[in-house]
Amino acid sequence: MDVGFSSLRSEAVGAVRTAMVSAENLQLTLKAELSQEEQALTHIRSNPKEAHKAGNEDLKEMLESSKESLKLEAMKRIVGLIAKGKNASELFPAVVKNVASKNIELKKLVYVYLVRYAEEQQDLALLSISTFQRALKDPNQFIRASALRVLSSIRVPIIVPIMMLAIKEAAADLSPYVRKTSAHAIQKLFSLDADQKEQLIEVIEKLLKDKSTLVAGSVVMAFEEVCPDRIDLIHKNYRKLCNLLVDVEEWGQVVIISMLTRYARTQFTSPWKEGAMFDENNEKAFYESDSEEKKGHTEEKPYIMDPDHRLLLRNTKPLLQSRNTAVVMSVAQLYWHLAPKHEVSIVTKSLVRLLRSHREVQYIVLQNIATMSIQRKGMFEPFMKSFYVRSTDATHIKTLKLEILTNLANEANISTILREFQTYVKSQDKAFAAATIQAIGRCATNISEVTDTCLNGLVLLLSNRDETVVAESVVVIKKLLQTQPTQHSEIIKHMAKLFDNITVPMARASILWLIGEYCERVPKIAPDVLRKMAKSFTAEEDIVKLQTVNLAAKLYLTNSKQTKLLTQYILNLGKYDQNYDIRDRTRFIRQLIVPSEKSGALNKYARRILLAPKPAPVLESSFKDRDRFQLGTLSHSLNSKATGYQELSDWPAVAPDQSVRNVEIIEASGSDSEEESSESEKTSSDSGKSSSGSEQSSSESELEQKKKKKTKKVPQKKSKPTAADRYSEIPAVCWSLRASFFFPVTTSSFGPVKTYELLHHMTGKGLAAKYHFPRQPCLYQPSMVAVQVILSNSSDHSLEEIHIGDRSPASLSIHCFNTIERLEPEASVTVSMGIDFSDSTQAANFQLCTKEDQFSVSIQPAVGELLMPSSMTEQDFCKEQGKLQGMNETSATITMETANASSQAISKQVLSVANVGVVSSSQNNFSRFAGRTVSSGALVLVSLELKESSTALLTINTEKTVMASMLLRDIKQALTQA
Amino acid sequence: MIHSLFLINHSGDIFLEKHWKSVISRSVCDYFFEVKEKAVDPENVPPVLQTPHHYLISIYRGKLFFLSVVQTEVPPLFVIEFLHRVADTFQDYFGECSEGVIKDNLVTVYELLEEMLDNGFPLATESNVLKEMIRPPNILRSVVNTLTGGSNVGDTLPTGQLSNVPWRRAGVKYTNNEAYFDVVEEIDAILDKSGTTVFAEIQGVVEACVRLTGMPDLTLSFMNPRLLDDMSFHPCVRFKRWESERVLSFIPPDGNFTLMTYHVSSQNLVAIPVYVKQNINFFETGSCGRLDITIGPKQNMGKTVEGLMVTIHMPKVVLSANLTATQGNYTYDLTTKVLVWDIGKLNPQKLPNLRGSLSMQAGAPKPEENPSLNIDLKIQQLAISGLKVSRLDMYGEKYKPFKGVKYLTKAGKFQRLSLSFL
């Protein structure tokens, strides 16, 4: 033994030595702990208790060997031990020194081990830290990410500062993958040390601004875990998150959608009309906000949905088609909690589809449908047959389906449902049959037309051979009879006859209660039943005894002549019963009904007390009121509040300021594209591939645009760098295509944006305004043209309350920007507004007001700005063009400047004049452009056929002939002059 | 979110545990075992359970329980969907998802679990990404590995996670470029005693097996897309194109995947391919019964019905069955009380028939409900809804791929009830 120990010891010391070598560049502070560690280890090894663990000795030897394959084999066995839940912690020193191995699999297995045991062996775990710190600086993004991942998984409090630093650095990493990892690390650090919250929130705030789809889901997860109440961090990122949503990976979608549901409930007013079930604030909900109210007098409709609210609903809808059931469910709950009542039903079909999925999925979905179907029968009624029970369903599924069928029952379909129920009653699963009888009872109370039918059916069931069925029927009949006892003495008689054969205590008790309650209707039978009960009293269950005492008391009051002796006999039996409840009850009843000197005033009221008319029990669903929990949550599923559940707030009576969600796009996008493109360069150099991801391929086009931007030095506005922009340029890239369905059209023009003067600072007493058309789809209303106005203050005092006043013509619909409270001298602000020009170039006149002054201004759009690009194939273009011949065609032959003869130049010129989309063309001498008018959506097709010697035939096809001629003139001018 | 995972076999042994956050003692599973005992049938265990400090969310698949422990509020479907994805991944890697296979590949399983979740939040669940990181085992590689000490862990790091086409790996190369699509439809139907349809619907799925070089961009169009009522897509499908043009446009993942699932609109009448004449009687006296079943073709569009099988869950009192089948074999499992009649191909000239007597427990009352019949069948080369693929186009690559479409109709949950009403 001694020899064994000394060799053990020397090995352990050797292990630490090697570890020290591998951890050469550890900080000095760790050095001291190392020597302690050495001692500690020696102690551990000299502990005789450890001797029996020699089974792991061979593993240790393998780990010490110089052969990679042996080490790997050892690690595999160790991981096997961990997987089986066996303790392998004493191998820690031998394992940890392999952390810097070159073999990737070995390294990964060491990581697995490290993460599992670091908490138990904190000091030794520190040995590995330096390796990770070094890896955090690695040029390869995957190595950086995995180092951060493991580092943050080591739950050792000492390294909190190191983790914090690493997270902060990684959050600013160029690779989105590393940033994603840092978002995950935030949660880990938070659970390790909650004191870091403030610093972590800063990192979250930064990461929320990230535009990568890779990061979005993870950072929102971190947000939910660390600071779910900091709703203010979301404002600026709200629209971005909505727009990115479809491209985020499916797990992230679930998290984002549930967070946005909560957000929306705090920021928007209720879309539910008056009379909606849980809308108490509907009076106030009529007004979007106070400022809206003032201007809203021309509006017919009392409620206008916030465009951001609409954006969320619109962008989540396609996700109903996701293959991931959790995503579908989360969209469904979002619609349930946020959408106007009439829109909720679009989720029905998708929810019903989920019922085809695994049993566990069905369970959760059915629970949610059960809650929904209570309030909204109509939503699921057409799909009633999908809830029919199959004999192969699990019991909990059957019960839920039954619940839903009961909720859906109404006058029209009750006969079908009852027929279905009849078959269920015969099921071999008796618990289910009993539940069905309960359900029949509920249908009978809810729908008065069928009460009698149900009752008769249930009475027939009383002769069923199965006891549980009979018992359940009795209980339900009892409840039903209470609602209308007058006509049913026959049934009571029938039940009294059956009484001898029924053995289930609950059923016996129910019959006794019924007979007692309506003893005046069955005056002959009641005493006889009591007589039988007196005989068998001692052998009955407690619940039956109690009801026997009740029956006796009631009969004593109504028919004391026949039952006096019987009652006294029973009361005497009860007095000496083993159960104290029964003894108590007996004493109470005796005092109440039998007149004596001691019994006081109560005696007089005995009859009124015992035979008081009792309200019928309400048979209601166990899913009633479940919707106090957000649908789809764990809390909803359990019907009790789970740890960490975030309440869904009520709609605010008055919407908070909407402008908090406005983003100043110019600066943001400028710096961002800078970062993103450099990042994608890095990505491509990292992976050495050029076409695998769209990020890489898109980088080229982005760079190109950037070059364009730089050379021109035009103050150019680029729309948010969402995927949609890239669509027309890289049609092969899949996600941009997917993303494009947010935007009915794709913006392909990046030509210089012309800025027009709205108000000169001389006339505006210091207030100057310029505007341009950003050529983005208008957020507020699709028929509006988006206009961006840059307001600047060139006076020496600050201007207050800048807003839009009267407009002419009065019918002109403008979506105003929110009042700017204060504009400091030399400051400027960009606001966006929407104007519905109704497809005419007539100027929109309105007043721009400050606190003191009013200035009349007007915006006259160029005809080309009234269009939206439309994407179509060449074939579609020709087809549509064929439909717009004759009157709808305007054409002219033009002579072009030679510089303009190339197709690129033509595109550039045309796009500078009109907001149309380029249609890819197979013929070189043809250039085609397609657009739609913003207001009416009429097609506008522009085609240009190059002839010899720089002449060309310009054709415009559209129903809007006036627009056509104006557009023709503009394009002609652009192409001939330049 | 997901704190820990325990894999539990049919008899209640925990044979694998994995913790993504701090370690949770396996004694937490005791609550689960308690419920499991009560539920008798493992399918009846509720998927969501509450214990004093944790919540247990479980799925039951392949005779295994995947039990996850969560500590805070999380959408239960999120966990359930993930657990099924884990089981799918095992299936994909090892060909089946069973205790034996998982135990044999414990290390690979552990590595997979490590990559699939980070701190309880799903990280990489795409099969293509995972396969680049951890290669699925095959015999040749394991032989080579034992000789050379090589490993199953990929030494190149996956690019899929970074791209916006995470489902496809980069640099795919094949000498034979092929794309196969299977349109598989299932009929769910409930027929009542008289043979009238109570409920019938068709659910379909388009399974794809695509082995194409490079980054192909495929477009699959149908002759009659209007039939499709409700569908769900693989993330690769461009929803916008479907909305506007009713074509499936996508960059496919490499290998096998489910492209879409659909539901055929309920306006269309569902053709029921077979009819069943059945007569099951239990006699009040003599504790025996009689059974007589005949199956014949109904609306099968001229195709042969194959793989016909009838399953009957007999009432508990039925002790044995003494039957003769004109075609195929029957078995009666005494413990589970399941009668299976495997018929095979349906011959319209000579209809298969099964008849004979059932003997019951002496003295037991006659079962009040006649058992229902579950029918299984297959029809090759037919999609019963009439859905047809019209063409498949490929863009983005130069070569000519080999294309193929197969149709198959199956019975899903096809039940013939034999009921008598109240």
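**Tyr605(A)**

I started with Tyr605(A): at 40% relative accessibility it counts as partly exposed (buried is under 20% relative accessible area, exposed over 50%, partly exposed in between, with a 1.4 Å probe and protein chains only). This is a predicted model, where local features need pLDDT of at least 70, side-chain atom pairs count only at pLDDT 80 or more, and totals for chains, interfaces and linings use all residues. Side-chain values use heavy atoms, with hydrogens and water left out; residues are numbered from 1 along each chain as its sequence is written, and chains are lettered from A and ligands numbered from 1 in the order in which they are written.

I found Tyr605(A) in the loop between α32 (580–593) and α33 (606–610) of chain A; helices here are DSSP runs of H or I with at least four residues, strands are runs of E with at least two, and both are numbered from the N terminus. Together with Leu602(A) and Ile609(A), Tyr605(A) makes a nonpolar surface patch of about 280 Å². Patch residues have over 30% relative accessible area and no salt bridge; nonpolar side chains (Val, Leu, Ile, Met, Phe, Trp, Tyr) are joined within 5 Å, like charges within 9 Å. A salt bridge is a side-chain nitrogen of Lys or Arg within 4 Å of a carboxyl oxygen of Asp or Glu. Areas come from Shrake-Rupley with a 1.4 Å probe, and for residues only the protein chains shown count as cover.

**Aromatic pairs**

Next I looked at rings, which pair if their centres lie within 6.5 Å (Phe, Tyr and the six-membered ring of Trp; planes under 30 degrees apart are stacked, over 60 edge-to-face, the rest tilted). The count is 26 aromatic pairs over all chains. One of them is Phe380(A) with Phe387(A), edge-to-face at 6.3 Å centre to centre and 70 degrees between the planes. Both of these residues are buried.

I then checked Phe66(B) and Phe90(B): the centres are 6.3 Å apart and the planes at 35 degrees, so this pair is tilted. It links distant parts of the chain, from strand β5 (residues 64–70) to helix α2 (residues 76–94) of chain B, 24 residues apart. Phe66(B) is buried at 0% relative accessible area, and Phe90(B) counts as buried at 1%.

I also noted one aromatic cluster of Trp251(A), Phe78(B), Phe82(B) and Phe121(B).

**Sheet in chain B**

Last, I traced an open, antiparallel sheet of four strands in the order β14-β15-β20-β17 (chain B); strands pair if DSSP finds at least two bridges between them. β14 (274–282) and β17 (318–325) are the edge strands, each pairing on one side only. β14(B) and β15 (residues 288–297) pair over nine bridges, and Val276(B) has Ile295(B) in β15(B) as its bridge partner.
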